[in-house]
Amino acid sequence: MVATLSCPASTYFVRSCYMRENHDQLKQQVTGIRTNGSFRSPVKVETLSQTVSTSTTTLGQAVTIGENGLRQNIPTKKQLVDPHRQGLIIEGGVGYRQTVVIRSYEVGADKTATLESILNLLQETALNHVWMSGLLSDGFGATHGMVRNDLIWVVSRMQVLIDYYPIWGEVVEIDTWVGASGKNGMRRDWLIRSKATGHIFGRATSTWVMMNRKTRRLSKMPEEVRAEVAPWFIEKQAIKEDTHEKIVKLDKEAKYMNSDLKPKRSDLDMNQHVNNVKYVRWMLETIPDQILEGHQLSGITLEYRRECGSLDIVQSLCEPEDDEILDGVVEPDYCTNLLNGLSADILNGGGVLTCLEQSSLRYTHLLQIKGEKQNDEIVRGRTAWKRKIVTIPFST
């Protein structure tokens with residue numbers, strides 16, 4: 001970043017640069033300054049007549065600008081520690097842990113992290129895991145073998161369970177690792193915990209398959225790619241699932257509907273299709289405001305059917321699986337179920353708050369592309385919501 005300062009004598013610009021020992025171009029030693037747990041280099045002031053260096057470093061890899069004008073700073077060897085991202089390799093050298101601080105733009109009106117922010121953090125830590133492995137090529141999480149075979153990763157299923165949402169300024173640790181999923185797929189799991197107490201905030205699991213970048217068709221895993229990723233597989237699950245509960249397909253009779261949704265250019269990822277987080281945003285927009293105000297999402301399951309492009313027009317459908325509480329009107333079945341659950345929980349020693357926290361509403365979702373002849377499914381989903389109760393689940 002370059003900032004221009006106006007001074008009476010002359011004009012200066014301030015350029016911040018990364019620290020590197022024995023830098024050939026700077027020809028001087030720079031002492032790092034620890035700020036908020038991470039290193040920052042001193043600010044260097046130069047006059048406009050001085051030469052501006054274009055090299056920085058990340059993990060000891062020089063950022064150079066080649067003949068094609070592209071910057072290259074991706075590690076080519078396995079890294080154990082990443083001081084810039086506050087990340088390190090765990091699980092015997094195959095897992096990854098990153099420490100993050102919940103920032104102001106990642107929280108909502110209640111000062112807790114939004115679901116979209118959490119999903120973005122999951123995606124970021126997954127990519128940083130591949131970055132640290134030394135396998136990352138120039139694709140969106142693709143290895144060198146995948147790039148040679150014109151392959152990209154696409155997610156086929158994802159499930160996220162959240163017990164507590166981290167608050168603004170809270171420091172959390174996110175662990176992620178990968179494992180085999182069938183013969184040609186890969187599973188990636190996450191754990192989100194408080195760094196101060198170690199309590200688990202949430203957990204997630206996902207299944208990934210390969211798609212040909214040019215034909216946009218699913219592909220088997222080539223042996224050279226298997227040789228790259230298989231050494232990183234471990235047998236560990238954040239969410240244990242015996243069988244997947246099928247998500248039914250909704251139709252035009254769904255109770256809630258939001259049509260004519262159009263992707264923006266900013267919604268596209270590096271693979272040129274709509275980012276997964278955008279799908280979730282479209283789904284949640286169909287949830288009634290009364291539910292959003294009095295409940296918080298405790299779980300979401302997504303089953304992806306096809307990708308969505310920039311020219312597609314999307315329709316979001318939503319149907320409650322149970323009775324709702326809207327406009328202060330409580331359905332009789334909801335009252336009966338709540339009282340039955342409350343009685344059973346009290347008998348088991350759980351108490352009123354435990355029952356209210358565990359009782360939930362569930363919704364089925366569908367995103368589809370509107371077409372003249374038929375509607376193509378993008379993703380099916382299911383969300384679970386529990387009442388917002390102001391409690392302090394644990395102390396720091």
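Guide: Buried here means under 20% relative accessible area, exposed over 50%, and partly exposed in between, with a 1.4 Å probe and protein chains only. This is a predicted model, in which local features need pLDDT of at least 70 and side-chain atom pairs count only at pLDDT 80 or more, while totals for chains, interfaces and linings use all residues. Residues are numbered from 1 along each chain as its sequence is written, and side-chain values use heavy atoms, with hydrogens and water left out.

Visitor: Is Cys-308 buried or exposed?

Guide: Cys-308 is buried, at a relative accessible area of 0%, and Cys-318 is also buried, at 0%.

Visitor: And how many disulfides?

Guide: The count is zero, taking a disulfide as a pair of cysteine sulfur atoms within 2.5 Å.

Visitor: Switching topic, how many salt bridges are there?

Guide: The whole structure has 22, a salt bridge being a side-chain nitrogen of Lys or Arg within 4 Å of a carboxyl oxygen of Asp or Glu.

Visitor: Which residue does Arg-193 meet in a salt bridge?

Guide: Arg-193 pairs with Glu-173 at 3.6 Å, N to O; Arg-193 is buried at 14% relative accessible area, and Glu-173 is buried at 11%. Both residues also belong to a network of salt bridges that includes Arg-97, Asp-175 and Lys-195.

Visitor: What about Arg-216?

Guide: Arg-216 forms a salt bridge with Glu-307, with the closest N and O atoms 2.8 Å apart, and here Arg-216 counts as partly exposed at 29% relative accessibility, as does Glu-307 at 21%.
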